[in-house]
Amino acid sequence: MKFLAGATVEIHPEIYDIDNALVDPTSVTITITDPNGTEAVTDGAMSTSSTGIYDYYYTTTTAIKYGEWRYVITATDGTYKSFDSGTFEIVKF
């Protein structure tokens, strides 16, 4: 995914259980890291729009670092944790 500097990056993970059904764990957080490895968001709370569907909106500025950003989503339910990750690119406006 590519976004212009100054845009809002939308991240919408889906959380499934072992039976492939959408579920709501106890918590879902996101950590976003810039191209230099600095965390811009650490354990940010994600909101839910419906069962198992989560949303995070990361608003950038025109002064943001260009390049590939990484995010890690952590779903926690009791002592069980699962992780998902992805990338997005910020390009010059």
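Visitor: In which sense do S7 and S8 pair, and over how many bridges?

Guide: In general, strands of a sheet pair through backbone hydrogen bonds, either parallel or antiparallel. Here S7 and S8 pair in the antiparallel sense, over eleven bridges. Within this pairing, Thr74 stands opposite Phe83 in S8. Two strands count as paired if DSSP finds at least two bridges between them. Strands themselves are DSSP runs of E of at least two residues, helices are runs of H or I of at least four, and both are numbered from the N terminus.

Visitor: On what kind of model does this rest?

Guide: This is a predicted model, in which local features need pLDDT of at least 70 and side-chain atom pairs count only at pLDDT 80 or more, while totals for chains, interfaces and linings use all residues. Residues are numbered from 1 along each chain as its sequence is written, and side-chain values use heavy atoms, with hydrogens and water left out.

Visitor: How many helices and strands are there in the protein chain?

Guide: The protein chain has zero helices and eight strands. Five strands form an open sheet of mixed pairing, in the order S1-S8-S7-S3-S4. Strand S1 (2-4) and S4 stand at the edges with a single partner strand each, so one side of each has no neighbour in the sheet. From one strand to the next the twist averages 25°; axes here are lines fitted to C-alpha atoms, for helices over the stretch in contact, and angles run from 0 to 180 degrees between N-to-C directions.

Visitor: Which residues have the most contacts inside the largest nonpolar core?

Guide: In soluble globular proteins, nonpolar side chains tend to be buried together. A nonpolar core is a set of buried Ala, Val, Leu, Ile, Met, Phe, Trp, Tyr and Cys residues joined through side-chain atoms within 4.5 Å. Buried means under 20% relative accessible area, exposed over 50%, and partly exposed in between (1.4 Å probe, protein chains only). The largest such core has 20 residues, and Ile30, Ile32, Tyr58, Phe88 and Ile90 have the most contacts inside it. Strands S2 (8-11), S3 (27-33), S6 (53-59), S7 (67-77) and S8 (80-91) each supply at least two of its residues. S7 gives the largest share, four residues.

Visitor: What is Tyr58 in contact with, leaving aside its neighbours within four places in sequence?

Guide: Contact means heavy atoms within 4.5 Å. The partners of Tyr58 include Val9, Ile32, Val41, Trp69 and Phe88.

Visitor: How many salt bridges are counted?

Guide: Side chains of opposite charge can pair when their charged atoms come close. The rule asks for a side-chain nitrogen of Lys or Arg within 4 Å of a carboxyl oxygen of Asp or Glu, and the count comes to one salt bridge. Asp34 forms it with Lys65, the closest N and O atoms being 3.2 Å apart. Asp34 lies in the loop between S3 and S4 and Lys65 in the loop between S6 and S7, so the pair ties together parts 31 residues apart in sequence. Asp34 is buried at 9% relative accessible area, whereas Lys65 is partly exposed at 40%.
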